[in-house]
Amino acid sequence: MPMPDFSALLRRSDVFGHLEDEALAALASELQWFSLPGGRTLFHQGDPADALYLVVSGSLGVFVGPTEWVRLVAAGDSVGEVGLITGEGRQYTARALRDSELLRLGRTAFEAVTRQHPQAMLGVAKVAIARMQQRLEGEQGPDAPRTFALLPAAPEVPARSLAMQLAMELEHWGNCIVIDAEHGAGRGSDWFAEREAQARFVIYLDSTGDPLWRQRCVRQADVLLLPAMAAQPARPWPEATPMHPSRAGHRQRHLILLHAGRQPELGAAQRWRAEFSGELHHHHVGGRADIARLARLVSGNARGLVLAGGGARGVAHLGALRALNEAGHQFDAVGGTSIGAIIGAGVAAGWELEAMVESFHRDFVEGRPLSDWTLPMVALTRGRRAAAMLRRSFGALEIEDLLLPFFCVSTCLSGEGMVVHRRGPLWLWLRASSAIPGVLPPVLHQGRVYVDGALVDNLPTDVMADDGIAHITAIDIRAEISLLTTAEEFATPPWWQLLLRRQDIQRPGLVSTLVRAAMVNSEGPSEHRRERADLLLTPPLDHIGMLDWKDWQRAIEAGYLHTRKLLEEGALP
């Protein structure tokens, strides 16, 4: 097959675009054109750096080791420049993420061209320097996905309807086309490359179960979408096996559980997830709003909500959420710490805001979960009332059962430090996330000791950002909580002096000291985490104590008025 004219591609490339016609012609004669199937390795880390590669169509993934992602090499980009300049072995592994066509310029040919046309070295050197600078500054993560393979678990899954609805929602960020076996079977990689160049998004749909077409869908996709009927018994999935070709590259896998109603079926996510190994996201879909959320999450356009801990002051979250709801703000994923995790779990469960306010008043104000005082062998309270309150509120819900993706943060004192909980009993990990050391006893689970997440990460925007959420709204509890005193002493006075204490002497209480001490370690990194938020709300809460639950209405009002004021001033998008 004669080699096509790649001069236009070369002129658009960073490495060769500066060359004059004579040098470009000399270069073109030295290039080797070949194809690389999706999932195939181009070179391994440590191999000799004997060539530079320019991607004509498709894309490559660059990795450290087998799976650690470094960057995407899309059509028109190059890889291997640094090795040609430095002579070092390959620093990374490169694999085709989908069927790709490449141009290869070997070291001998490159040196021959640069001897005749020294300016050919300039573009390669510039790109090589940029790559090395990226190593020093930290590589960028993968670009937002553009191609999706929709691979149903069984014929009864309404895959075509789901694909069409998902395509409509993706149109908010650019045109989307759906390609099924009827249109794509038997086509060459150039045909697919042309369609992908014309559209912002492409959904490759398997609606027939044809194995060859399904393999083609996998090879062309950045992301695998795996829909199943949630109520059906879980079954093995070809793309779930560890050695399946779909596991090659840096493909995300999204399990889509289709429900007959709006609320997810309890236990469905755990049952279906058990069929998979490795990293897997899952989504509950029961209506059009869920498909819109799915489109935002898989395309890199999702909005996340992060709620900080802060004891009774955290009730301000409810007021801020009320103002945000009135302004039409919606969230696709939720995370939090301590009281922020508890309120965030209600949001992720799809509870109405007024119902959450009523539940909070019943559980925290009337229920007084911190009132079961005991001899302080482990903590000041037994923790039974707090655990019973959480079990009563959230029942048998697993984190996987929540309508929205959710995480909460705890601190493991058995060596792990910060732990992010995304699976398991919701009430249990909320109890761990809010276990203030000395006030509530720790959660002891499978040989590990878990306490309040505020010790290490009171505002986990970093966790949300690492999940690829595009826009993060964070509500922080930044009221001044320094403990002040008017006493001058190094030991506690006798009990009778404490009972007869003078009104002008102020001493910190035991509970206040424990609560304040629990938050000290996380304050240093908190400023950086606040900067990770695209929208940061900090209601004024100096007038409310950390455990003043009876001030719940004032806390809600403070959060509401602060957020509404910013909305009215146009400070919030």
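Reader: Which residues is Leu318 in contact with, leaving aside its neighbours within four places in sequence?
Author: With those neighbours set aside, Leu318 contacts Ile343, Leu353, Met356, Val357, Phe360 and Ile556 (contact means heavy atoms within 4.5 Å). This is a predicted model, where local features need pLDDT of at least 70, side-chain atom pairs count only at pLDDT 80 or more, and totals for chains, interfaces and linings use all residues. Residues are numbered from 1 along each chain as its sequence is written, and side-chain values use heavy atoms, leaving out hydrogens and water.

Reader: OK. And which residues have the most contacts inside the largest nonpolar core?
Author: Leu318, Phe406, Leu426 and Leu430 do, in a core of 78 residues. Such a core is a set of buried Ala, Val, Leu, Ile, Met, Phe, Trp, Tyr and Cys residues joined through side-chain atoms within 4.5 Å.

Reader: Where does the largest share of this core come from?
Author: From helix 13, which gives seven residues. Apart from this core lies another, of 26 residues, with Tyr204, Val218, Trp237 and Leu280 among them.

Reader: What follows helix 13?
Author: Gly350 does, and its phi is positive, near 85 degrees.

Reader: New topic: is Gln220 buried or exposed?
Author: Gln220 is buried, since its relative accessible area is 2%. This residue belongs to helix 9, residues 211-220.

Reader: And what does Gln220 touch?
Author: Not counting residues up to four places away in sequence, Gln220 touches Arg98, Asp99, Thr147, Phe192, Glu196 and Tyr204. Tyr204 is also among the residues of that other core, the one of 26 residues.

Reader: Now the sheet. In what order do its strands come?
Author: The order is 2-7-4-5, in an open sheet of four strands with antiparallel pairing. Two strands pair if DSSP finds at least two bridges between them.

Reader: Which strands stand at the edges?
Author: Strand 2 (41-43) and strand 5 (68-74); each has a single partner strand, so one side of each lacks a neighbour in the sheet.

Reader: How many bridges do strand 4 and strand 5 pair over?
Author: Six, in the antiparallel sense, with strand 4 covering residues 59-64. Gly61, for one, has Leu72 of strand 5 as its bridge partner.

Definitions and conventions:
Helix = DSSP H or I, 4+ residues; strand = E, 2+ residues; numbered from the N terminus. Buried < 20%, exposed > 50% of the residue type's maximum accessible area, 1.4 Å probe, protein only.
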